[in-house]
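Student: I would like a close look at one part of this chain, please. Could you start from a single helix and then work outwards from there?

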Amino acid sequence: MENFVVSARKYRPQHFSTVVGQAHITTTLKNAILQNHLAHAFLFCGPRGVGKTTCARILAKTINCEQVEKDGEACDKCSSCLSFNTGSTFNVHELDAASNNSVDDIRELIDQVRFAPQSGKYKIYIIDEVHMLSPSAFNAFLKTLEEPPAHAIFILATTEKHKILPTILSRCQIFDFKRITPKDIVVHLEEIAQKERIEAEPAALQIIAQKSDGCMRDALSMLDKIVSFTNASLTYTNTLEQLNVLDEDYFFSMLELLNNQDLPGVLSLYDEIDKKGFEGDIVLNCMTEFFRNLLISKDARSISLLQVMDGFRNKYIALATECSTSYIIGAMTILTEAEAGFKQAKNKKLHVEFHLIKLNYLKQAITLVSEDGIGKKKRIDEIKSVAFRQLTIREQKTIGEKIQAPKVEKPAEEPANHLPAMGNPDNKENETNNRPPLNQPMSSSAQNEAPTGGLGALKKIRDQIQNRKQEKSIVFSLSDEKLNEAWNIYLEKLAANNQVTSHSNLKQAKLSIQDETNFEVKAESKIQQQFIEGERLGMTLHLQEFFNNNKIQYIVVLDVSAENTEIPAEQLMSRKDQYLKMVEMYPIIKNMRDQLNLDLDY
Ligand SMILES: [Zn+2]
């Protein structure tokens with residue numbers, strides 16, 4: 001390998017047939033040569049590194065060839081071809097307009113145009129990056145282009161066709177060069193590898209082709225670089241390393257973690273990528289592309305746009321069926337936002353992590369919205385409106401069948417500390433306590449039965465609650481027994497949280513059912529009323545959950561004997577206070593808010 005010549009130069013095509021990926025152009029040029037229908041000015045447009053200058057040189061050589069072959073290629077044997085191949089011809093002039101763009105540069109060139117070639121038919125002027133010419137240079141050139149001598153042929157090349165004046169465009173035969181497809185590049189690289197005896201895994205060449213973005217020159221220089229660093233043995237892994245390309249496998253792993261909402265896994269994987277030295281914006285960009293690939297893999301009509309390594313193709317297609325379109329688009333939105341804000345972010349890693357966290361909960365958010373989310377949202381709204389409406393003071397009254405015994409005495413004979421705290425595993429042994437069982441809570445016949453003790457009664461209730469959770473469609477209405485049961489469970493929670501005052505105030509309150517979903521809580525003093533109100537939100541949520549009925553609500557009334565029936569102003573909580581109270585009681589609400597990045601509309 002000691003004499004390894006830079007591939008781009010060594011393997012620069014010498015004939016039209018060896019130009020990669022531009023058959024539409026080389027065929028036209030060969031036909032024009034064979035039929036002797038040559039324009040005096042050509043404009044080669046297209047991205048960099050796709051063969052514009054190479055084609056210009058081949059064209060220059062071929063039109064001066066003394067014995068053009070039948071297929072329109074130069075013979076490579078005549079004196080013109082030989083002098084061209086050795087670089088000693090005087091018939092070809094190249095000007096790089098990027099560095100020589102003044103009027104003087106162009107005048108120098110125009111002066112030469114007047115003289116006929118000493119040998120051969122044509123003098124060829126190749127002007128690279130012609131859009132870089134200054135306006136005055138353009139004008140000076142325009143005259144020559146309008147009336148060129150018969151022996152002069154101009155080949156202009158540009159990457160920016162839109163910058164070329166219309167007057168120039170109208171005088172040129174225009175050829176649009178295409179980006180070279182990764183497939184064409186791989187084939188070409190394989191040929192070179194074979195000739196140079198380079199060992200290269202197909203996957204390695206595919207990465208080079210992808211990374212080169214349709215530019216053969218870049219692909220060749222990448223190949224050169226990797227060959228010299230890897231001692232002419234290219235593997236998938238060392239090519240990824242040399243080109244600083246992120247392995248797509250990372251994203252497949254990332255998606256799996258995201259699907260499982262495995263936040264620690266997601267963050268650790270990102271940490272691993274970060275430690276490999278990949279900048280956050282590159283990671284975000286590659287991830288966006290990954291999701292883009294997933295999206296186009298969903299439909300057979302767009303799958304042709306998928307330009308990935310052979311091994312990954314089926315993986316994409318399989319995964320795409322598992323991801324919903326809304327999820328993919330949501331993910332791309334989050335990632336694009338993250339990319340947009342990356343520059344401004346002070347802590348880049350945190351910035352990426354933050355958006356990964358968002359991604360991690362995206363699926364959950366989409367599920368909430370698309371499935372039963374509407375129902376849940378509605379329920380929450382109702383809780384709000386119920387929980388914080390202004391209090392009305394009503395006289396205690398009884399309505400309907402279910403309130404035959406309106407005054408529900410709390411089972412005071414049951415000390416709270418004997419009650420098992422629901423959800424507290426430490427108190428499990430308390431389950432054996434005597435406790436009024438709630439026989440068949442859903443059956444109306446059970447309502448008036450006197451509570452009887454029994455082992456495992458609590459377990460039974462729990463099973464019933466569990467059953468209710470499973471049968472979400474069953475909605476329960478209030479009964480004295482069940483209401484007491486539910487109320488007491490909440491008291492246990494208060495006791496367990498050492499909310500002693502709230503506990504005792506709620507414990508003393510008297511409940512009376514008004515109809516299937518409404519009941520009244522009677523307070524004997526304003527202080528007691530305030531404490532009961534203070535627990536309203538938690539209690540309402542609890543009761544609605546317990547009865548699986550979002551219509552359950554209650555009012556707190558002050559006993560008529562109380563002197564002042566006005567409600568103190570501080571009792572009415574602002575919406576913000578409501579939120580803060582909710583957070584205090586249910587920290588998960590704040591977590592959800594943070595994770596889903598929700599704004600609050602107080
Ligand atoms: Zn020749």
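What covers the buried residues of α23?

Tutor: Happy to, with a word on the model first. This is a predicted model, in which local features need pLDDT of at least 70 and side-chain atom pairs count only at pLDDT 80 or more, while totals for chains, interfaces and linings use all residues. Residues are numbered from 1 along each chain as its sequence is written.

Now to your helix. Helices (DSSP H or I, at least four residues) and strands (E, at least two) are DSSP runs numbered from the N terminus. Helix α23 spans residues 526-534, and its buried residues are Gln 528, Gln 529, Phe 531, Ile 532 and Glu 533. A residue is buried if 20 or more other C-beta atoms, placed from the backbone, lie within 10 Å of its own, exposed if 12 or fewer, and partly exposed in between. The cover over these residues includes α22 (500-508), β9 (518-523), α24 (536-547) and β10 (553-558), where a contact means C-beta atoms, placed from the backbone, within 7 Å.

Let us step back to the chain. It has 26 helices and ten strands, and 33% of its 602 residues are buried. Of the contacts between residues at least 6 apart in sequence, 73% join residues at least 24 apart.

An open sheet has five strands in the order β2-β3-β4-β1-β5, with parallel pairing; two strands pair if DSSP finds at least two bridges between them. At the edges, β2 (92-96) and β5 each have a single partner strand, so one side of each is left without a neighbour in the sheet. From one strand to the next, the twist averages 15 degrees. At the β2 end, five bridges join β2 to β3 (123-128), and Asp 96 stands opposite Asp 128. Helix α5 (103-113) packs on this sheet, touching β2, β3 and β4, with its direction at about 170 degrees to that of β2; axes are lines fitted to C-alpha atoms, for helices over the stretch in contact, and angles run from 0 to 180 degrees between N-to-C directions.

Strand β1 (41-45) has five of its five residues buried. In a regular strand the side chains alternate between the two faces of the sheet. Here Ala 41, Leu 43 and Cys 45 point one way, and Phe 42 and Phe 44 the other. Towards β4 (152-158) there are five bridges, and Leu 43 stands opposite Leu 156. Towards β5 (173-176) there are four bridges, with Gln 173 as the bridge partner of Phe 42.

Phe 44 and Leu 156 come up again in the largest nonpolar core, where they are among the residues with the most contacts inside it. A second, separate core of 28 residues includes Leu 258, Val 266, Phe 312 and Val 352.

For contrast, take Ala 300, in the loop between α14 (280-296) and α15 (310-322). With 8 other C-beta atoms within 10 Å, Ala 300 is exposed.

Technical notes:
A nonpolar core is a set of buried Ala, Val, Leu, Ile, Met, Phe, Trp, Tyr and Cys residues joined through C-beta atoms within 7 Å. Two residues are in contact if their C-beta atoms, placed from the backbone, lie within 7 Å.
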